[in-house]
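Here is a brisk tour of one structure. Keep the sequence and the 3D view open while you read.

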Amino acid sequence: MILCADIGGSFIDFAAVRPGGKLEHRTAVPTPVNDLTAFVDALVELCRPWPDLPLHIAIAGVENPKTGIVHAANIPCLKHASLGEFLQAKANRRVLVANDADCFALAEARFGVAKGHQNVFGIILGTGIGGGHILSGKIVTGLGGITGEWGHSPTVLPPPFMNCEPDHSNIVPLFKCGCGQAGCLDTIAGARALERLHLWAGGDVSDSRSILTAWEGGDLQAERTMAVYLSYVSAALAHVVNITGCTIIPVGGGLGNSKSLIAAIDRAVREKILYPTEAPLLIQATLGTEAGLLGAACLADV
């Protein structure tokens, strides 16, 4: 049995995971985001009933494989902390740490909709967007511990204009991204970003669920917004498919609850990739909120 924690900016989701993916003793506590001592104490206390079991962590951030320092934008107390090493000493047990999107993708490859696929790229369409790449059941870990971040690096770029004045009313703005850059896909593709994109496209203040509902109902303004959204998101994912050769893309996150949205992105992606396929590539994930915990449970194998 392995103790697992899925740590976000609001809550620590905790459970003991048995072989085969059975979750027991699941509980959640608030994440102490501004106090490292309180953060570590919360995890130590959760683990106390099982003194001899390892702790595996899925976290909304990235661990630098050289330093062990975790960069998690929503958990500022970890800014200069080598979390795994620190926790290992405080909790007196082995500790493994991985990105939550990587754990999501790993879980779907091991237990979920992508089981049986050797090359999996899992994506999160939530408040922001993220991803993880799995090859032969193992997380692909890249430069600085970063892989699968298809939502970052400038993507939403204005077209080059040569001998004419650009019509700025039709150019998506270069919104600032939380990673420090401007024009990242994350700035228009997550749930909050979709709401901002809808305003730019001429829509009213609406939440992402309302925008999707209006789009599914044939609302013209929502269709205008979603045309822009689908164009950029599908282009980025087409690059992902062409580069990684993944055979399935499990989709999680709040926006991933929309089967219509997944189907529309999938159609647009398959129109853009080099290898034509009739079979869907984007498939709704099946593990829900258990994915982070289940993926964390598999970290010792990767």
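Start with Thr31. Setting aside neighbours within four places in sequence, Thr31 is in contact with Ile7, Gly8, Gly9, Ser10, Phe11, Ile12, Phe39 and Ile75. This is a predicted model. Thr31 sits in the loop between β3 (22-30) and α1 (36-47). Is Thr31 buried or exposed? Its relative accessible area is 9%, so Thr31 is buried, given that the cut-off for buried is under 20%.

**Salt bridges**

Side chains of opposite charge can pair when their charged atoms come close. How many salt bridges does a search of the whole structure find? The search finds 6. Among them are those in this table.

| Side chains | Distance, N to O |
|---|---|
| Glu24 and Arg18 | 2.8 Å |
| Glu24 and Lys22 | 3.8 Å |
| Arg48 and Glu45 | 2.9 Å |

Arg18, Lys22 and Glu24 are linked in a network. Glu24 forms a salt bridge with Arg18, and Glu24 also forms one with Lys22. Glu24 is buried, at 17% relative accessible area. Arg18 is partly exposed, at 38%. Lys22 is exposed, at 52%.

Arg48 and Glu45 meet in a salt bridge too. Arg48 has a relative accessible area of 51% and is exposed. Glu45, at 47%, is partly exposed.

**The open sheet and the helices across it**

Next comes a sheet. In what order do the 5 strands of the open sheet stand? The order is β10-β9-β8-β11-β12, and the pairing is mixed. β10 (138-139) and β12 (282-284) are at the edges; each has a single partner strand, so one side of each is left without a neighbour in the sheet.

Strand β8 (residues 119-125) pairs with strand β11 (residues 249-252). The two run in the parallel sense, and the pairing spans 2 bridges. Ile124 stands opposite Gly252 in β11.

Helices lie across these strands. α3 lies across β8, β9 (129-135), β10 and β11. The angle between α3 and β9 is about 50°. α7 lies across β8, β9, β11 and β12. Against β8, α7 runs at about 155°.

How much of α3 is covered? Helix α3 (residues 100-110) is mostly covered, with 9 of its 11 residues buried. The buried residues are Ala101, Asp102, Cys103, Phe104, Ala105, Leu106, Ala107, Glu108 and Ala109. At the start of α3, a side-chain oxygen of Asn99 comes to within 2.9 Å of the backbone nitrogen of Ala101.

**Helix α6**

Now look at α6 (residues 208-216). Its buried residues are Ser208, Ile211, Leu212 and Trp215.

What do the buried residues of α6 pack against? Their partners are α5 (191-200), α7 (220-244) and α8 (259-272). The helix α7 in this set also lies across strands of the sheet, including β8 and β9. Just after α6, Gly218 takes a positive phi of about 90°.

**An exposed loop residue**

Finish with His80. His80 is found in the loop between β6 (70-71) and α2 (83-91). At 67% relative accessibility, His80 counts as exposed. How far apart are the C-alpha atoms of His80 and Gly21? They are separated by 33 Å, and the two residues are 59 residues apart along the chain.

Terms used. Residues are numbered from 1 along each chain as its sequence is written. This is a predicted model: local features need pLDDT of at least 70, side-chain atom pairs count only at pLDDT 80 or more; totals for chains, interfaces and linings use all residues. Side-chain values use heavy atoms; hydrogens and water are left out. Buried means under 20% relative accessible area, exposed over 50%, partly exposed in between (1.4 Å probe, protein chains only). Helices (H or I, at least four residues) and strands (E, at least two) are DSSP runs, numbered from the N terminus. Contact means heavy atoms within 4.5 Å. A salt bridge is a side-chain nitrogen of Lys or Arg within 4 Å of a carboxyl oxygen of Asp or Glu. A polar contact is a pair of N or O atoms within 3.5 Å; within protein, one must be able to donate a hydrogen and the other to accept it, and residues adjacent in sequence count only if both atoms are side-chain atoms. Two strands pair if DSSP finds at least two bridges between them. Axes are lines fitted to C-alpha atoms, for helices over the stretch in contact, and angles run from 0 to 180 degrees between N-to-C directions.
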